[in-house]
Amino acid sequence: MDTIITRFPPSPTGYLHIGGARTALFNWLWARKNAGRFVLRIEDTDEARSTKASVDAILESMQWLGIDWDDGPYFQTRRHDIYSEHIDRLVEQGHAYYCDCTPEAVDAMREEAKAKGLKPMYNGKCRNRGLKKGENTVVRLKTPDTGVTIVDDIVKGSTAFQNAEIDDFIIQRSSGMAMYNLAVVVDDMTMGINTIIRGDDHLVNTPKQILIYQALGAPLPVFGHVPMVLGSDKARLSKRHGAMSVGEYKKMGFLADALINYLVRLGWSHGDQEFFERQELIEKFDLEHLGRSAGMFDMDKLYALNAKHIQKKKPIELGDDLLPHLADLGIGAQNDAFTQGVIETLQPRSKTLVEMAQGAAFYYKDDIEFEAKAAKKFLKPETQDLLNKCADAFDSLGDDFSQAAQEEVFKQIMEQTGLGFGKIAQPLRVAVTGTTVSPGIFEMFIALGKEKTVQRIRKAAQFCAAQG
């Protein structure tokens with residue numbers, strides 16, 4: 001095999017969901033691993049349900065995931081002439097024929113076969129009639145009456161399908177529109193696709209597609225049918241299991257690299273390794289370790305993996321991804337040194353970027369609102385003197401606002417007041433954040449900066465005085 005060429009052919013009748021994203025990812029990784037080509041094809045022949053909004057959403061989701069394509073996007077609705085050309089060739093060469101049997105007549109044939117204990121199928125009535133193209137004719141492929149069609153699958157192994165149970169199926173409707181199996185084969189042939197990784201729900205179509213390849217005298221691609229993703233209850237994945245469109249995961253604050261990492265591990269393994277960065281996936285991905293059993297979707301594992309990816313990245317890398325989530329909270333920010341400092345304090349404790357944005361909000365506020373319970377406990381009138389001592393001591397540090405300098409201030413205050421570290425730290429935490437929960441106090445002060453830190457402590461002291 002020469003250059004590896006894979007493809008992803010979504011149907012634009014909705015958004016890009018987890019299963020489709022995983023299929024795209026497997027094909028993309030294999031192409032990138034082998035310095036091959038990845039083709040994007042939009043299968044929009046269901047014109048009643050296909051929408052431009054869905055196309056745009058699919059493209060946007062793929063771009064966010066970083067799954068880029070080398071060719072396309074191609075649209076099946078713009079390729080009718082190519083399909084018709086191949087169908088005409090099949091008819092001319094005797095591999096296909098025109099049929100004028102009505103749907104009602106075909107239903108009767110199927111019922112008759114069923115009554116005899118046979119598989120319900122078209123009985124080939126028009127196969128040898130030599131009909132010409134007419135207003136109500138469809139085109140059917142002549143399938144072999146005997147023998148088997150073997151699907152050699154890199155995931156499932158070899159599966160034999162009895163040709164006697166594959167009827168002369170329609171490849172072109174009376175309207176002239178090509179049927180799915182014909183269009184897919186012609187597309188893959190003409191686009192040079194030689195490796196097809198897809199969900200095992202497509203396996204039922206594969207013997208028919210192989211027969212079309214053979215009728216057209218084309219070489220078969222490598223097929224790999226991966227098991228579907230299931231929910232934790234082993235039912236087909238749905239929204240109740242947490243499965244949503246890719247765009248929803250972005251809104252929920254997941255990183256593209258984390259979602260990619262998780263999706264790959266739902267159907268592929270590399271020993272016991274769970275955490276992968278993107279380039280590492282490209283280097284290590286192979287077809288031999290695509291799983292034969294269904295992956296179980298687990299939101300808790302996705303959250304945990306996302307947290308690891310957040311921790312692994314540099315603050316500057318997270319900045320641009322965090323800004324939209326800050327904007328959702330009404331916070332205008334830049335991916336600057338201040339925001340990167342804020343991120344650094346929150347990386348160890350954030351499972352998502354939404355959590356990080358919520359945790360970061362206090363850094364950007366001009367006026368801190370104190371939680372009632374926290375204020376009642378820690379910002380009492382008698383706390384005013386402690387806060388003023390701390391503010392004065394921090395203010396006197398000059399340009400050295402390092403952790404070591406802050407620790408020295410704490411040591412001095414502890415000696416002066418006889419209070420333990422926690423008795424000093426918690427009122428300061430509430431003074432600066434408005435709550436009792438925050439990043440580590442020294443790193444938080446450093447990220448906020450001396451001026452804002454001192455300013456907030458003094459305002460909290462004033463608040464204490466007003467409670468008297």
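## Strands 6 and 7

Strand 6 (residues 148–153) and strand 7 (residues 157–162) run antiparallel and are joined by 6 bridges. Strands here are DSSP runs of E with at least two residues, helices are runs of H or I with at least four residues, and both are numbered from the N terminus. Two strands pair if DSSP finds at least two bridges between them. A hairpin of 3 residues links strand 6 to strand 7. Across the pair, valine 148 stands opposite glutamine 162 of strand 7.

## Basis of the model

This is a predicted model, in which local features need pLDDT of at least 70 and side-chain atom pairs count only at pLDDT 80 or more, while totals for chains, interfaces and linings use all residues. Residues are numbered from 1 along each chain as its sequence is written, and side-chain values use heavy atoms, with hydrogens and water left out.

## Nonpolar cores

The largest nonpolar core has 52 residues, of which Leu326, Tyr363, Leu387, Phe394 and Leu428 touch the most other members. Helix 13 (residues 353–364) supplies the largest share of this core, 8 residues. A second, separate core has 50 residues, including Leu237, Tyr262, Val264 and Phe297. A nonpolar core is a set of buried Ala, Val, Leu, Ile, Met, Phe, Trp, Tyr and Cys residues joined through side-chain atoms within 4.5 Å. Buried means under 20% relative accessible area, exposed over 50%, and partly exposed in between, with a 1.4 Å probe and protein chains only.

Leucine 428 is in contact (heavy atoms within 4.5 Å) with Leu387, Cys390, Phe394, Phe410, Ile441, Phe445 and Ile457, leaving aside neighbours within four places in sequence.

## Isoleucine 42

Isoleucine 42 belongs to strand 2 (residues 37–42). This residue is buried, with a relative accessible area of 0%. Not counting residues up to four places away in sequence, isoleucine 42 touches Pro10, Pro12, Val55, Pro73, Tyr74, Phe75 and Gln76. Phenylalanine 75 is 33 residues from isoleucine 42 along the chain, yet their C-alpha atoms are separated by 4.8 Å.

## Cysteines

A disulfide is a covalent bond between the sulfur atoms of two cysteines. The cut-off used is a pair of cysteine sulfur atoms within 2.5 Å, and the structure holds 0 disulfides. For cysteine 99, the closest cysteine sulfur is that of cysteine 126, at 3.7 Å, which is too far for a bond. Cysteine 99 is buried, with a relative accessible area of 0%.

Cysteine 390 is in no disulfide either, and the nearest cysteine sulfur, in cysteine 464, is 11 Å away. Cysteine 390 is buried, at a relative accessible area of 1%, and is among the contacts of leucine 428.
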